[in-house]
Amino acid sequence: MTENYTALYDQHKTAGASFTDFGGWQMPLKYTSELAEHHAVRNTAGLFDLSHMGEVWVTGPDAGAFLDYALAGKLSAIAVGKAKYSLICDRDGGIIDDLISYRRGEEKYLVVPNAGNATKVAAALAERAAKFDVAVEDVSAEISLIAVQGPNAEAILLQLVPAGQHSLVTELKYYAAVEVGIDVNGTVQDLLLARTGYTGEDGFEIYVPNDDAAGLWGALLNAGAVHGLVPAGLACRDSLRLEAGMPLYGNELSRQVNAYAAGLGPVVSLAKESDFVGKEALAAIKAAGVGSTIGQKLVGLKGLGRRAARGHYPVLKDGMLIGEVTSGQPSPTLGYPVAMAYVDVEHSEVGTVLDVDLRGKAEPFEVVALPFYKRAR
Amino acid sequence: MSKVVSELKYSAEHEWVAADGAGPVGIGISAVAADALGDIVYVDLPEVGSTVTAGETCGEVESTKSVSDLYAPVTGEVTEINDGVVADPALINSDPYGAGWLFKVAVTDEGPLMSAEEYATANGGEL
């Protein structure tokens with residue numbers, strides 16, 4: 001696989017990052033300690049390089065109608081300025097990717113797929129666009145994405161936004177985006193600022209041309225110094241999103257699972273009048289009761305002991321195999337192990353105590369509601 | 001670069017062994033291994049009175065990201081375990097050769113061990 005480097009690779013190296021391969025990208029795993037970075041995001045703020053994520057522009061008179069057909073949600077119903085979490089599915093209902101779409105104009109959307117899926121998603125969108133008056137343009141290679149996450153994120157950002165535009169930031173709602181002037185080393189640039197994230201905290205994601213990424217990264221670190229901002233790597237991103245009960249493609253989501261088993265039924269708009277790819281299969285899956293009365297569903301597990309479950313560990317009930325862990329770690333915020341797992345629906349009720357086979361030894365875990373962690377508002 | 005302490009001996013599985021001969025020897029894991037594991041959050045040690053065998057697993061070290069087997073670098077009876085590190089496994093990261101020691105063994109047989117120089121050369125540590 002080709003190794004991709006983000007525009008911020010040198011910044012990460014200088015900051016002492018250790019790297020890991022993620023979706024074909026060399027990404028910072030951690031800079032100091034993943035626990036310290038995790039706690040910083042929960043208590044102050046963390047700075048993430050997410051430039052490995054894809055960016056695909058969908059523009060043209062049919063943009064909304066096209067996305068209604070290509071994705072599982074009703075994207076034509078989003079207001080300009082808002083964003084929506086959705087799925088791109090196969091004809092059989094399997095999940096190709098989960099992604100966020102920002103409506104940037106009546107006929108203009110920015111679709112953001114996951115790193116490893118970006119090429120696949122862009123290709124699927126291009127293919128599905130054939131009968132629509134729409135242009136699909138994959139600009140992933142030109143755009144960097146930087147996230148500031150944590151309770152101090154807003155205060156940090158305001159330092160780089162001209163006073164006259166502060167209200168654009170402070171009044172920006174969750175899952176919305178706005179073009180705002182951001183001071184990158186003395187030059188105010190209009191950048192797309194989204195109040196979205198993958199950590200369970202308040203925070204922002206900023207889309208920036210590659211050439212300006214290093215400048216913005218440095219400006220944010222400077223502005224954030226007094227607010228406890230630290231660079232944060234993928235290791236803590238994973239523990240943060242797991243605590244927040246957010247699925248990770250490749251762990252909880254794949255072509256082998258469907259929205260109903262994954263607890264993402266509400267993301268699928270069977271009610272939209274138009275056809276969409278996977279509709280027939282998903283309607284049948286829902287009608288059969290998959291994820292509610294038959295099959296497996298994704299649940300949260302709280303470890304009753306100290307040892308953590310890990311991905312692919314078997315889940316047992318009275319010694320019988322009833323499921324498999326998809327993600328698991330000790331929760332730094334909560335102080336006990338947490339995991340997500342697909343288990344047979346008859347054993348999925350909150351409060352049920354199951355066992356996870358931890359390398360040959362059964363340890364008890366209790367089914368709990370997701371998310372494990374919810375920030376105080 | 002992770003520190004390698006010159007007075008200790010090391011196994012290929014990254015355990016260190018206090019080199020002095022008389023009495024039970026202290027055992028821990030190297031800074032190289034602790035750094036590679038990440039933040040350690042749980043440690044499972046052999047019981048006092050049990051016998052460990054060089055090269056065989058005798059416990060587990062769990063970090064936020066992964067879990068690794070702990071291998072005995074020597075054969076003998078476990079005489080003491082470090083309760084401090086059981087209560088606060090982060091000591092393995094912060095002081096792997098000191099407060100983060102794991103257990104002591106009355107050695108009857110040593111496994112294949114490396115000198116600090118050999119270990120540092122093989123694993124990129126800094127003496």
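This is a predicted model: local features need pLDDT of at least 70, side-chain atom pairs count only at pLDDT 80 or more; totals for chains, interfaces and linings use all residues.
Over all chains, the structure holds 17 salt bridges.

**Where chain B meets chain A**
- On the contact count, 15 residues of chain B touch 15 residues of chain A.
- Together the two chains bury about 1,300 Å², with 43% of that on carbon and sulfur atoms.
- B:Asp39, B:Thr64 and B:Lys65 are the trio to look at: they supply 41% of the area chain B buries against chain A, more than any other three residues.
- Between the chains there are four salt bridges, plus 14 residue pairs in polar contact, both at pLDDT 80 or more.
- On chain B's side, α1 (31-37), β4 (40-44) and β6 (57-63) each give two or more residues, and β6(B) gives the most, with three.
- By class, that side of chain B has six nonpolar, four polar and five charged residues.

**Salt bridges inside chain A**
- A:Glu34 pairs with A:Lys30 at 3.6 Å, N to O; A:Lys30 is buried too, at 14%.
- A:Glu201 and A:Arg42 come to 2.8 Å. A:Glu201 sits in the β12–β13 loop and A:Arg42 in helix α2, so the bridge ties together parts 159 residues apart in sequence. Both are buried.
- A:Arg307 and A:Glu363 meet at 3.3 Å, linking the β15–β16 loop to strand β20 across 56 residues. Both of these are buried as well.

**A network across the chains**
- Shared partners join A:Asp238, A:Arg241, A:Glu252 and B:Lys65 into one salt-bridge network.
- Within it, A:Asp238 and B:Lys65 have their closest N and O atoms 3.1 Å apart.

Notes: Residues are numbered from 1 along each chain as its sequence is written. Chains are lettered from A and ligands numbered from 1 in the order in which they are written. Side-chain values use heavy atoms; hydrogens and water are left out. Contact means heavy atoms within 4.5 Å. Buried area is the accessible area (1.4 Å probe) that two parts lose on being put together, summed over both. A salt bridge is a side-chain nitrogen of Lys or Arg within 4 Å of a carboxyl oxygen of Asp or Glu. A polar contact is a pair of N or O atoms within 3.5 Å; within protein, one must be able to donate a hydrogen and the other to accept it, and residues adjacent in sequence count only if both atoms are side-chain atoms. Helices (H or I, at least four residues) and strands (E, at least two) are DSSP runs, numbered from the N terminus. Ala, Val, Leu, Ile, Met, Phe, Trp, Tyr, Cys and Pro count as nonpolar, Asp, Glu, Lys and Arg as charged, and the others, Gly among them, as polar. Buried means under 20% relative accessible area, exposed over 50%, partly exposed in between (1.4 Å probe, protein chains only).
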